[in-house]
Amino acid sequence: MSDKPAPSRRQAARLAAVQALYQWQEGQDAPAEIVEQFLKVRTGETGEGGMRRDADRPLFKDVVEGTASHKFELEKTVSDALAQDWTWARVDRLVRAILLAGTYELVHRHDVPARVVINEYVEIAHAFYGKGEPNFVNSVLDRVARQSRSADLAK
């Protein structure tokens with residue numbers, strides 16, 4: 001049995017948002033349709049691809065729809081934060097979903113402290129990957145935060 005506490009309602013919403021954004025990137029459905037699927041059909045599903053019943057639904061909806069509506073701006077912001085030898089096309093699709101959602105929150109959700117946003121999305125990366133990808137997510141989101149929320153990080 002793990003000593004790790006169960007994810008919070010907001011963590012559960014962010015995890016589901018990343019899964020929804022991954023599905024959206026696959027080109028299967030429009031963001032509004034995916035949000036509807038998660039809220040009506042896939043709530044309560046266990047394992048990958050579902051959303052916990054008690055997840056923060058407004059946060060989930062905002063992250064998915066906000067990320068989708070600001071896709072090009074967010075991709076540019078993330079691309080600018082990548083190391084010189086990296087390109088957006090080289091980034092794994094699930095990592096892209098994590099980075100886009102995290103960048104959306106850093107740029108558009110100033111109600112959440114930057115360090116919290118970075119930590120939450122690094123934890124999501126840990127749910128799917130070993131050490132490399134979470135470190136990558138951490139460094140990219142840290143660079144985004146330094147560009148968009150430097151005053152917040154200075155606190």
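Q: What does contact mean, and which residues is Arg 109 in contact with, leaving aside its neighbours within four places in sequence?
A: Contact means heavy atoms within 4.5 Å. In this predicted model, Arg 109 is in contact with Arg 10, Leu 59, Asp 62, Tyr 104 and Arg 149, once neighbours within four places in sequence are set aside.

Q: Where in the chain is Arg 109?
A: Look at the loop between helix H5 (93-108) and helix H6 (114-128): Arg 109 is placed there.

Q: Is Arg 109 buried or exposed?
A: A residue is buried when its relative accessible area is under 20%. Arg 109 has 14% relative accessibility, so it counts as buried. Across the chain, 45% of the 155 residues count as buried.

Q: How many helices and strands are there in the chain?
A: You will find eight helices and zero strands.

Q: Which residues of helix H4 are buried?
A: In H4, which spans residues 71-81, they are Leu 74, Glu 75, Val 78 and Ala 81. These residues lie on the same side of H4, because they cover an arc of only 125° around the axis.

Q: What covers the buried residues of H4?
A: The cover includes helix H3 (57-69), H5 and helix H7 (132-148).

Q: Among contacts between residues at least 6 apart in sequence, how many join residues at least 24 apart?
A: In this chain, 69% of those contacts do.

Definitions and conventions. Residues are numbered from 1 along each chain as its sequence is written. This is a predicted model: local features need pLDDT of at least 70, side-chain atom pairs count only at pLDDT 80 or more; totals for chains, interfaces and linings use all residues. Side-chain values use heavy atoms; hydrogens and water are left out. Helices (H or I, at least four residues) and strands (E, at least two) are DSSP runs, numbered from the N terminus. Buried means under 20% relative accessible area, exposed over 50%, partly exposed in between (1.4 Å probe, protein chains only). The arc is that of the directions from the helix axis to the C-beta atoms.
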